[in-house]
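Hi everyone, thanks for coming. Let me put the model up on the screen, and then I'll walk you through a few places in it.

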Amino acid sequence: YIPWEEGKPFSELVRLIESGVVDKGPALDICCGSANNAIYLAKHGFDCYGTDISPTAIGYAHDNASLAGVSCELHAGYAVHLTYPDNMFTLVFDRGCFHSIPLADRKEFIKGLNRVMKPGGKYLMICFSASDPRAHAHAFSEKEIRGYFTPLFKVLSLKEIPGDDADKEHLFLSALMEKAK
């Protein structure tokens with residue numbers, strides 16, 4: 001049992017894609033796990049990429065993408081050291097990656113994220129909310145998220161949401177940001 005593995009795309013990502021706010025193009029699922037979200041993006045017209053620190057997760061991700069009949073570029077690697085070209089992605093999706101980055105690496109992570117995104121590209125981040133009564137040690141307030149990501153990103157929306165399925169008893173922050181031009 002892996003609590004973050006739900007076998008389907010995260011509902012907040014589905015809402016964003018269905019809203020039509022994000023242009024189709026190259027998308028990165030950062031800390032992709034077994035690629036449920038990457039597969040969803042590939043099925044909805046994005047050129048999908050995924051990265052995860054766990055080679056085992058990437059193995060599952062390859063198997064799942066193959067079973068789903070989609071093509072995704074999936075690689076093991078540390079999210080702080082993204083190996084993608086500058087200005088590549090229209091969308092980066094992050095469900096639980098930022099809150100896993102050690103404090104010493106967060107600024108480098110944000111700079112790298114900004115570097116690989118196209119001007120005007122969207123970043124959807126889901127992280128633990130500090131207002132959850134059972135808040136995780138790596139939980140954030142809205143003020144902290146704004147502090148970390150501006151001025152490299154413009155915060156388009158920042159709201160508290162419940163998790164999906166196994167995580168529904170926890171509160172998360174959903175932050176939709178745009179790469180500052």
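Let's start with Asn 87, which is partly exposed, with a relative accessible area of 40%; here buried means under 20%, exposed over 50%, and partly exposed in between, using a 1.4 Å probe and protein chains only. Its phi is near 55°, a positive value in a residue other than glycine. You'll find Asn 87 in the loop between strand E3 (72-76) and E4. Helices (H or I, at least four residues) and strands (E, at least two) are DSSP runs, numbered from the N terminus.

A quick word on what we're looking at. This is a predicted model, where local features need pLDDT of at least 70 and side-chain atom pairs count only at pLDDT 80 or more, while totals for chains, interfaces and linings use all residues. Residues are numbered from 1 along each chain as its sequence is written, and side-chain values use heavy atoms, with hydrogens and water left out. As for pLDDT, the predictor's confidence in each residue from 0 to 100, the chain has a mean of 92, and 95% of its residues reach 70 or more.

Ala 35 sits in the loop between E1 and helix H2 (36-43), and is buried, at 0% relative accessible area.

One more backbone feature: Thr 150 and Pro 151 are joined by a cis peptide bond, with omega about 15°. Pro 151 belongs to the loop between H5 and E6.

On to the interior. A nonpolar core here is a set of buried Ala, Val, Leu, Ile, Met, Phe, Trp, Tyr and Cys residues joined through side-chain atoms within 4.5 Å. The largest one has 31 residues, and Leu 13, Leu 41, Cys 72, Leu 74 and Leu 91 touch the most other members. H2 gives this core its largest share, five residues. Leaving aside residues up to four places away in sequence, Cys 72 touches Ala 38, Ile 39, Ala 42, Cys 48 and Ala 65, contact being heavy atoms within 4.5 Å. There is also a second, separate core of 30 residues, including Val 80 and Phe 149.

Last stop, helix H4 (residues 106-116): which residues are buried there? They are Arg 106, Phe 109, Ile 110, Gly 112, Leu 113, Asn 114 and Val 116. Their packing partners include strand E1 (26-30), helix H5 (142-149) and strand E7 (171-179).
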